[in-house]
Amino acid sequence: TPFLSRCLQDLAAYKPPPRDPALVFPLSRSAAVLVALFVGRSGDIYVMLSRRAETLRTFPGDTSLPGGRYEPGDKNLEDTARREAFEEIGLPRDRHRIPLLCTLEPFPTGNHLLVTPIVVLILDPDIRPILNEPEVSALFSHPLRSFLSRTAPFDRSPLDPSDALKREYYSYRDIPWGQSLVRMHRFLTGREELGVKPVYGLTATICLHVASIGYARPPEFPMYAPSEKRLSERVAHILRNESVFIRAVEQERKDAGGRLRTRSDSQYNSDDGAKGPRSGFRTGSKL
């Protein structure tokens with residue numbers, strides 16, 4: 001449909017705000033997540049989400065996007081996200097069947113990482129994920145549009161025995177971040193009776209940002225806390241003031257013999273080879 005095509009075109013045309021060239025983004029404190037989208041039979045866009053295994057040391061059982069930390073063998077952060085998605089859910093590292101749509105600006109986390117979302121589109125309907133069970137216990141999808149809404153995209157029948165499904169589909173909590181607040185969004189998945197946790201925190205924020213870019217409109221609820229600083233301001237403050245990032249930059253500069261580049265270079269940007277399939281996505285593909 002024209003509306004679907006416009007959404008995908010807006011995502012493909014998105015460019016993150018330019019970075020301050022004086023800021024250095026240490027790769028040792030960098031991570032990436034893959035926001036894998038596909039077009040469902042009804043013509044709506046869905047995002048793939050996973051349930052982390054209960055045996056994991058960090059965030060067990062949480063609903064998340066596939067991803068992880070940058071490793072020295074990765075060409076760039078797109079490569080990081082694709083590698084992690086392959087390791088976690090068996091998603092092929094094929095830029096023709098799964099082309100790049102866009103890269104978002106990095107998001108800071110409470111465990112001193114900068115997480116860059118890599119948005120891709122699954123074109124091949126025959127792709128069947130293979131879960132790495134020690135890391136991922138379940139895989140499911142959620143309508144991207146629903147991250148802009150207060151209304152649940154699933155039936156919340158009062159006959160459902162789960163108390164979780166009787167709560168509001170959308171809610172939020174404002175938490176302290178330095179001298180200001182940060183809004184933590186929360187969306188029910190409709191699978192809480194199966195033990196699946198709501199989409200919350202960074203995962204919810206990333207999905208919300210992707211939806212607002214694609215559908216070119218704000219959500220039905222306030223996106224930010226009253227005193228929340230802009231994302232770029234928070235990232236700049238962290239890089240300039242937090243000792244973990246300052247030490248990481250110093251160590252990388254030492255390892256590079258004093259020739260450390262600012263991270264607006266190719267290690268943060270996508271491969272030139274991804275540009276071909278990126279511009280040729282087919283909006284009629286189904287999964």
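Figure 1. Helices (H or I, at least four residues) and strands (E, at least two) are DSSP runs, numbered from the N terminus. The covered residues of H4 are Leu-231, Arg-234, Val-235, Ala-236, Ile-238 and Leu-239. Here, buried means under 20% relative accessible area, exposed over 50%, and partly exposed in between (1.4 Å probe, protein chains only). The structure is a predicted model, in which local features need pLDDT of at least 70, side-chain atom pairs count only at pLDDT 80 or more, and totals for chains, interfaces and linings use all residues. Residues are numbered from 1 along each chain as its sequence is written, and side-chain values use heavy atoms, with hydrogens and water left out.

**Figure 2. The crossing of H4 and H5.** The axes of H4 and helix H5 (residues 243-255) come within 5 Å and cross at roughly 65°. H4 is therefore roughly perpendicular to H5. Axes are lines fitted to C-alpha atoms, for helices over the stretch in contact, and angles run from 0 to 180 degrees between N-to-C directions. Angles under 35 degrees count as roughly parallel, over 145 as roughly antiparallel, 65 to 115 as roughly perpendicular and the rest as oblique. From H4, the contact involves Ile-238, Leu-239, Arg-240 and Asn-241, and from H5, Ser-243, Phe-245 and Ile-246. Contact means heavy atoms within 4.5 Å.

**Figure 3. The largest nonpolar core.** This core has 55 residues, and Leu-37 and Phe-147 have the most contacts inside it. A nonpolar core is a set of buried Ala, Val, Leu, Ile, Met, Phe, Trp, Tyr and Cys residues joined through side-chain atoms within 4.5 Å. At least two residues of the core come from each of helix H1 (2-13), strand S1 (30-39), strand S2 (45-52), strand S5 (100-103), strand S7 (114-121), helix H3 (201-214) and helix H4 (231-241). H3 supplies the largest share, seven residues. Another core, of 19 residues, lies apart from it and has Ala-36, Leu-91, Ile-98 and Ile-127 among its members.

**Figure 4. The contacts of Phe-147.** Beyond its neighbours within four places in sequence, Phe-147 is in contact with Val-47, Leu-49, His-142, Tyr-169, Phe-187, Val-199, Cys-207, Leu-208, Ala-211 and Phe-221.

**Figure 5. Val-35 in strand S1.** Val-35 is found in strand S1 and is buried, with a relative accessible area of 0%. Residues up to four places away in sequence aside, Val-35 touches Val-47, Leu-65, Pro-117, Ile-118, Val-119, Val-120, Ile-206 and Val-210. A distance of 7.8 Å separates the C-alpha atoms of Val-35 and Pro-66, which are 31 residues apart along the chain.

**Figure 6. Two loop residues with positive phi.** Phe-59, in the loop between S2 and strand S3 (63-64), has a positive phi of about 50° although it is not a glycine. Phe-59 counts as exposed, at 51% relative accessibility. Ala-216 lies in the loop between H3 and H4, and its phi is near 55°, a positive value in a residue other than glycine. Ala-216 is exposed, with a relative accessible area of 55%.

**Figure 7. Confidence in the model.** The mean pLDDT of the protein is 87, and 86% of its residues reach 70 or more. Over residues 271-287 the pLDDT is below 50, and this stretch has 44 contacts in the model beyond near neighbours in sequence. The pLDDT is the predictor's confidence in each residue, from 0 to 100.
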